[in-house]
Amino acid sequence: KANVSLAIDGPAASGKSTTAKRLASIFRFRYIDSGSMFRAVTLKCVENGVDPHQQPDKVASVASSLDIQFPDYGTVSVNGELVTHQLRQESVARAIGPIASNPQVRHTLAEHQRRLASTPDARYPGFTHGKETIQGVVMDGRDIGTVILPHAELKVFMVADVRDRAQRRFQELQGKATLDQVMADIEARDLADRTRTISPLKKADDAIELDTSRLSIDQQVAAIQKLVYQKL
Ligand code: C5P
């Protein structure tokens with residue numbers, strides 16, 4: 001196959017983005033971080049004083065007014081401005097629930113996600129396998145394997161013990177929140193993601209589950225790399 005789509009889903013802080021980013025850069029595939037898109041809409045709503053619960057139509061128009069791009073592996077720009085770090089704030093993650101369950105927002109972002117996934121880009125030439133050039137995309141999120149790219153060649157559902165996930169996020173935040181607070185935030189977000197009616201977090205029937213509780217990032221990357229080669 002000359003074109004490969006790789007869908008990585010899973011709960012918060014399961015290591016999806018780090019793993020997806022690394023895989024994309026190893027394979028020279030395009031990386032699309034769908035969570036950052038929801039975070040970007042949330043950040044702009046917070047900045048503009050739009051209430052996600054009370055003003056769903058305004059939230060939807062914020063979503064359609066944003067030009068969200070990934071200029072590089074792991075960087076995000078909104079309307080030309082780099083917002084990579086702002087998007088990682090806990091305040092953004094905490095406000096995201098009603099925005100991620102807004103059908104108009106999901107529709108707008110889904111179109112953007114699929115359009116990016118199907119647009120060739122010279123920056124992402126892929127890799128050579130035998131005589132073939134394999135191009136592709138790695139997208140991570142909650143509904144990529146189930147809704148956004150249901151025909152993806154490889155779907156991985158990453159899971160990890162909530163304690164391990166909280167510990168990792170806690171270390172990333174470097175003292176900006178306590179471990180208990182981080183764990184509570186993760187649990188609340190997972191519950192909201194699993195129980196919303198539109199595009200809930202759910203393992204696709206044909207996804208491969210990968211438990212990363214006891215795996216390092218290198219091991220996670222290697223495990224998925226192997227799965228990709230098996231598909232070729
Ligand atoms: O992956 P990340 O933690 O950055 O995602 C932030 C939030 O965005 C998730 O908790 C979820 O509510 C929402 N999201 C979503 N669908 C996706 C990706 C993220 O609803 N495909």
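## Arginine 123

Arginine 123 sits in the loop that runs between helix H6 (103–118) and strand S6. In this predicted model, arginine 123 counts as exposed because it has 10 C-beta neighbours inside 10 Å, and the cut-off for exposed is 12 or fewer. Along the chain, arginine 123 and phenylalanine 29 are 94 residues apart, yet their C-alpha atoms are separated by 8.7 Å.

## Helix H1

Helix H1 covers residues 16–27, which makes 12 residues. From its first C-alpha to its last, H1 reaches 16 Å, close to the 16 Å expected at 1.5 Å a residue. Which residues of H1 are buried? They are Lys16, Thr19, Ala20, Arg22, Leu23, Ala24 and Phe27. These buried residues pack against several strands, namely S1 (3–9), S2 (30–33), S6 (127–129), S7 (132–141) and S8 (154–159), and also against helix H10 (217–231).

Serine 25 is found in H1, and it counts as partly exposed because 15 C-beta neighbours lie inside 10 Å. The C-alpha atoms of serine 25 and alanine 40 are separated by 23 Å, although the two residues are 15 apart along the chain. Isoleucine 26 also lies in H1. With 14 other C-beta atoms within 10 Å, isoleucine 26 is partly exposed. Isoleucine 26 and valine 221 are 195 residues apart in sequence, but 9.6 Å apart in space, C-alpha to C-alpha.

## Two residues with positive phi

Most residues other than glycine have a negative phi. Arginine 28 is not a glycine, but its phi is positive, about 55°. Arginine 28 follows H1 and lies in the loop between H1 and S2. Is arginine 28 buried or partly exposed? It is partly exposed, because 16 other C-beta atoms lie within 10 Å.

Glutamine 174 is another residue other than glycine with a positive phi, in this case near 45°. Glutamine 174 is found in the loop between helix H8 (162–173) and helix H9. It counts as exposed because it has 7 C-beta neighbours inside 10 Å.

In soluble globular proteins, nonpolar side chains tend to be buried together. The largest nonpolar core here has 28 residues, and Leu6, Ile8, Val138, Met139 and Val156 touch the most other members. At least two residues of this core come from each of S1, H1, S2, S7, helix H7 (144–148), S8 and H10. A second, separate core has 19 residues, including Val41, Val62, Val76 and Val78.

What does isoleucine 8 touch, not counting residues up to four places away in sequence? Its contacts are Lys16, Thr19, Ala20, Val138, Asp140, Ile144, Val156 and Met158. Among these, Lys16, Thr19 and Ala20 are also buried residues of H1.

## Around the ligand

How many residues surround the ligand? There are 13, and the closest are Ser34, Gly35, Phe38, Ala100 and Gly141. Helix H2 (34–47) and helix H9 (179–195) each supply at least two residues of this shell. The largest share, 4 residues, comes from H2. Sorted by class, the shell has 5 nonpolar, 3 polar and 5 charged residues.

## The annotated span

An unreviewed UniProt entry carries the annotation "domain: Cytidylate kinase", which covers residues 7–228. How far apart are the end C-alpha atoms of residues 7–228? They lie 11 Å apart. The span is 49% helix and 18% strand.

Technical notes. Residues numbered from 1 in each chain as written. Predicted model: local features only at pLDDT ≥ 70, side-chain atom pairs only at ≥ 80, totals over all residues. Expected span 1.5 Å × (residues − 1). Buried ≥ 20, exposed ≤ 12 C-beta atoms within 10 Å, placed from the backbone. Contact = placed C-beta atoms within 7 Å. Core = buried A, V, L, I, M, F, W, Y, C linked by C-beta atoms within 7 Å. Near = placed C-beta within 6 Å. Nonpolar A, V, L, I, M, F, W, Y, C, P; charged D, E, K, R; others polar. UniProt positions renumbered as here; feature names shortened; annotations may be inferred.
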